[in-house]
Amino acid sequence: MPIRSKLPHVGTTIFTVMSKLASDCKAINLSQGFPGFDSDPALLDLVNKYMKAGYNQYAPMSGVPLLRERIVEKAKLVYGIELDSESEVTVVSGATEALYAAITAVVNPGDEVILFDPAYDSYAPAVELNGGVPVFVSLSLPGFSVDWERVKAAISDKTQLIIVNTPHNPSGYVWTQEDLNTLAELIQDTGILVVSDEVYEHITFDGRQHLSLLTHPELRERTFVCGSFGKTFHVTGWKIGYCLAPSKLTEEFRKIHQFLTFSSATPLQYALADYLSEPSRYLALPDFYQKKRDLFCEGLKKTPFEFTPAQGSFFQMVSYAHLSDESDYDLSVRLTKEIGVASIPISVFFYDRKDPKILRFCFAKDDSELNVALNRLLKMKL
């Protein structure tokens, strides 16, 4: 039976490909972005507590009220902003759902959506599935900062949405106050909306502060912020995220959300609500991950790679452009097979598969595993 694909150019994601290859080769998997260690046992005990207490039926569509209140408290503490838990906070099944629901809520056929290139691979397909037209604006290498003149040139009367990601995946670039101000100036007299992917909000380094787009008065009125407890509490398999947006945008967002998943796992929501009552559990995250980044980068200094330590996220990019013309895909596969360390070729994040000869490693692993991986990287042949 012939099937007319809605995404004919999309295949299996590189994350699935490399994780399978890592498993097949018994390699250390520094490719897919998930922690290599479990969450706090106290959080797991809370899930068990609520399961045994009978909290196993559908949660409210917008999320368990107590969890939404805890999210409001966190936003107040971290960003100094006031949110309404009833009309501006929605709990969803992972940040990817939040991104898809937000895009679907506001993008209609023919609308243009500006994406910063390279970008996380779910953005463009979500735009295309809603009939939108992705417009790619290249980030400035090697730092992956935003070239605002390029953004200005890309805006047209068809621009409906701009998708932001800070801290950025794959590069780890963290937006500055100047970035927020410039974006606000560019769109203040337009109807352009913003989706901001902020899943790594609590993972920034060297004293940098994550600046949520909701902290800017102009941007707050037109932005969906998508967050994830999976990244914050090392439970990516739970797929519990949230969307923060003004009430008018939230109303449209929930229209889509209710027909995607309707609600997310009830005992997990209650457990997270309890766990969030102690802010130190997320406020300590920058220091926790900076130690891992520093350990990994110190080891990388002994390899022939060139790199600048990541500003945020739990990824470190390395360049081998000065060493080889081998494609990043071929090199990532070869290193997985030959030395047992899996990475991600960042060409997969570029819409045109541009290959700047850079690999991305995830350092959200146990220190012992990182040390073994670093020792293996010393044996690579380039």
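**Entry 1: a helix on the sheet.** I looked up helix 13 (residues 285–300) and found that helix 13 lies across strand 9 and strand 12, at about 15° to strand 9. Helices (H or I, at least four residues) and strands (E, at least two) are DSSP runs, numbered from the N terminus. Angles run from 0 to 180 degrees between N-to-C directions, with axes fitted to C-alpha atoms, for helices over the stretch in contact.

Next I noted helix 14 (residues 328–338), which packs on the sheet and touches strand 11 and strand 12 (contact means heavy atoms within 4.5 Å). The direction of helix 14 makes about 45° with that of strand 12.

**Entry 2: ground rules.** This is a predicted model, where local features need pLDDT of at least 70, side-chain atom pairs count only at pLDDT 80 or more, and totals for chains, interfaces and linings use all residues. Residues are numbered from 1 along each chain as its sequence is written, and side-chain values use heavy atoms, leaving out hydrogens and water.

**Entry 3: the sheet.** I found an open sheet of 3 strands in the order 9-12-11, with antiparallel pairing (two strands pair if DSSP finds at least two bridges between them). Strand 9 and strand 12 (residues 358–362) share 5 bridges, and Met-317 has Arg-360 as its bridge partner in strand 12.

**Entry 4: cysteines.** How many disulfides did I count? The count is 0 disulfides (pairs of cysteine sulfur atoms within 2.5 Å). For Cys-226, the nearest cysteine sulfur is that of Cys-243, 4.8 Å away.
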